[in-house]
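I set out to record what I looked up in this structure. The entries follow in the order in which I made them.

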Amino acid sequence: MADARSDVVVIGSCFVDMISYVLRLPKFGETIKGTKFHMGFGGKAANQCVMAQNLGAKTVMIAKLGNDQFGKDTIHNFNRFGVNTQFISVTDEADTGVTNIVVNKSGEPAFISLAGANRHFNLADVKAAENVVKSCPVMVCDKGIPLQIAAAVLQYGKDLGSRTLFNPSPKLEYLPQSVYVNCDVLVLNKDEGESLTQISADDSTGTQKVLCKLHEWGVSQIVLTLGAEGAVCSDRMSQHKGLSMMYIRTSKVNAVDTTGAGDALTGALAFYMSCYPQLSLAEMVFRAVHIATITVTKHGVQTSYPKKDELDDWLFDRDAKTCEQLGLEVFHDDEDLL
């Protein structure tokens with residue numbers, strides 16, 4: 001039985017990652033020598049689940065795998081981290097999802113993804129875990145499963161009383177209105193924000209317009225990640241009269257592999273939403289950005305995710321701080337843009 005006290009339930013994709021490191025990406029028809037190869041486990045939802053678990057959340061993963069060795073290895077990997085795998089189902093209709101990743105010398109990845117069993121995930125897989133979803137304060141969902149299923153999952157989670165967090169990656173130009181309405185926190189990167197809104201976010205004014213458009217469509221809280229530049233969090237639920245937008249900078253580090261950094265941020269944010277609800281969204285994102293930044297200094301995805309005892313104590317301080325104490329920059333605070 002899943003623990004009734006589970007903190008975070010994660011619903012979505014699982015992949016086996018095959019990562020090749022190269023000095024540069026090959027041109028069409030060209031063969032180049034790699035510098036390193038790593039085989040590991042991924043999928044955005046799987047990564048987010050492992051990150052939340054590493055930080056101390058009791059997590060439950062709901063997903064679909066193929067009836068193959070990769071599927072067995074994936075479940076073994078989750079069990080190694082302590083993730084509850086009771087509601088991971090297996091299908092004979094497709095193989096476990098696989099992602100081929102090439103990482104250049106700057107740590108920037110390119111992907112070829114074969115969804116496999118993830119395409120066969122359906123709402124019945126989630127309803128089988130209704131008691132778990134109902135008991136979890138936070139539900140995380142990703143777009144590695146069919147979009148219409150992800151939309152239904154978000155509504156199902158809201159109906160059962162969970163706070164819902166959604167990451168619409170990889171980028172697309174449209175989300176159903178129900179996704180915005182049933183998503184409490186939307187986490188997306190700059191490219192994804194621009195694609196959804198058709199607004200350029202190359203400067204602060206454009207970024208503000210992207211966030212405001214997403215709020216206009218029904219989202220209460222948004223985290224827009226900016227890669228090495230940090231992130232902006234936007235909160236329509238704060239005590240401010242209008243929107244509260246805060247800019248969170250990253251520390252400067254030597255990045256060797258940025259693969260999975262966004263998932264680390266999302267997983268850390270889910271952990272804080274569930275286990276540290278007394279913190280403001282800005283402080284949760286501030287801490288999550290710090291954790292995600294650490295992951296880019298190591299190769300791999302889940303293998304780069306730190307555990308609680310490897311992190312500074314201040315990341316687990318239960319006393320909330322003001323934005324002034326954290327040194328955060330007020331990015332925007334003006335209801336007129338809505």
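**Entry 1: helix H8**

I looked up burial in H8 and found Gly 206, Thr 207, Gln 208, Val 210, Leu 211, Cys 212, Leu 214 and His 215 buried, where buried means under 20% relative accessible area, exposed over 50%, and partly exposed in between (1.4 Å probe, protein chains only). I note that this is a predicted model, in which local features need pLDDT of at least 70, side-chain atom pairs count only at pLDDT 80 or more, and totals for chains, interfaces and linings use all residues. Residues are numbered from 1 along each chain as its sequence is written, and side-chain values use heavy atoms, with hydrogens and water left out.

H8 covers residues 204-216; helices (H or I, at least four residues) and strands (E, at least two) are DSSP runs, numbered from the N terminus. Its 13 residues reach 18 Å from first C-alpha to last, close to the 18 Å expected at 1.5 Å a residue; the expected span is 1.5 Å times one less than the number of residues. At the start of H8, I found a side-chain oxygen of Asp 203 within 3.3 Å of the backbone nitrogen of Thr 205. After H8 comes Gly 218, with a positive phi near 125°.

**Entry 2: Thr 225**

I located Thr 225 in strand S11 (residues 221-225). Thr 225 is buried, at a relative accessible area of 15%. Neighbours within four places in sequence aside, its contacts (heavy atoms within 4.5 Å) are Leu 188, Asn 189, Lys 190, Gly 230, Ala 231 and Leu 265.

**Entry 3: Asp 159**

Asp 159 lies in helix H5 (residues 147-159) and is exposed, with a relative accessible area of 59%.

Note on methods
Polar contact = N/O pair within 3.5 Å; in protein donor to acceptor, adjacent residues only side chain to side chain.
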